[in-house]
Amino acid sequence: MAKRPSPKRKPNRGNASQQPVVDAPMRIIGGQLKNKRIEYSGDVRTRPMKERVREAVFNLIGPSIKGKLAIDLFAGTGALGLEAISRGAIGAHLIERHVPTSKLIRANAEALELVDQVTIYAHNSFIWVKKELPNLPRTPWAVFICPPYEFFVSRAEEMEKQIRTLIESAPPESVLIVEFDSQFDGANLPDAENWDVRVYSPAHVGVYRTAESD
């Protein structure tokens, strides 16, 4: 990475009134773009996945990310989708309803010369899933579902329906990754017995794999 800038401020996930905390500059942590910087505005609406958790997630997915289409439903900086491409995903659909943040995703994609491989939607992810899933290619997906933690409480029914729809719609050999915290019991995930749930406090990460193709 080039000369390190001053640390930027990163908010806690949850209530927007919480005070931001200082965090190191973000970067791609693996693959062809390893150590390339990702800009983060510090806006309290965006809570990037911690770097150690992102690394753990991609270790869990392993080389199976290659050839998959990444879908990040609460994209924030776009780090997960961009990381997926760096590690061999064929492209990424990045959904971020906060327009200024969606513009930051585009700036990051441009800086990493990945514009041709990403599609950015300034859209509500719950609506996007209903409208766009039927139009997606049947290439295996890698779906990242990492909303504000409190969505699993305040919007529990919508989250459950979204995750269930993705499980039922995903092509064979897809993988779904859900991030939540202790406010939510992973035993309440749809098809709960088939999730591999790990704890990287305060984050809990669940990984679900659809059946292999015949």
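Predicted model: local features only at pLDDT ≥ 70, side-chain atom pairs only at ≥ 80, totals over all residues.
Me: Is the aromatic pair of Phe-152 and Phe-184 stacked, tilted or edge-to-face?
Reply: The ring centres of Phe-152 and Phe-184 are 4.9 Å apart, and the planes make an angle of 35°. Stacked pairs need under 30 degrees and edge-to-face pairs over 60. The pair is therefore tilted.

Me: How many residues apart in sequence are the parts that the pair of Phe-152 and Phe-184 ties together?
Reply: Phe-152 belongs to helix 5 (residues 151–154). Phe-184 lies in the loop between strand 9 (175–180) and strand 10 (195–200), so the pair joins parts whose separation in sequence, in residues, is 32.

Me: What angle do the planes of Phe-180 and Phe-184 make?
Reply: Phe-180 and Phe-184 are both buried. Their rings form an edge-to-face pair with centres 5.2 Å apart, and the angle between the planes is 80°.

Me: Which residue lies over the face of Phe-151?
Reply: Phe-151 belongs to a cluster that ring pairs form with Phe-74 and Phe-126. Over the face of Phe-151, at 5.1 Å from the ring centre, lies Arg-155.

Me: Which strands are the edge strands of the open sheet of seven strands?
Reply: The pairing in this sheet is mixed, and the strand order is 7-6-5-8-9-11-10. An edge strand pairs on one side only, and this holds for strand 7 and strand 10.

Me: Which residue in strand 9 stands opposite Phe-144?
Reply: Strand 8 (residues 141–145) pairs with strand 9 in the parallel sense, over four bridges. In strand 9, the residue opposite Phe-144 is Ile-177.

Me: What angle does the direction of helix 6 make with that of strand 8?
Reply: Helix 1 (residues 51–61) packs on the sheet, and its direction makes about 20° with that of strand 11 (203–209). Helix 6 (residues 156–169) also packs on the sheet, touching strand 8, strand 9, strand 10 and strand 11. The direction of helix 6 makes with that of strand 8 an angle of about 175°.

Me: Is Asp-116 buried or exposed?
Reply: Asp-116 is placed in the loop between helix 3 (99–111) and strand 7 (118–121). Its relative accessible area is 80%. Because this value is over 50%, Asp-116 is exposed.

How values were computed. Residues numbered from 1 in each chain as written. Heavy atoms only, no water. Helix = DSSP H or I, 4+ residues; strand = E, 2+ residues; numbered from the N terminus. Buried < 20%, exposed > 50% of the residue type's maximum accessible area, 1.4 Å probe, protein only. Phe/Tyr/Trp six-rings, centres within 6.5 Å; stacked < 30°, edge-to-face > 60°. Lys NZ or Arg CZ within 6 Å of the ring centre and 35° of its normal. Pairing = 2+ DSSP bridges. Contact = heavy atoms within 4.5 Å. Axes fitted to C-alpha atoms, helices over the stretch in contact; angles between N-to-C directions.
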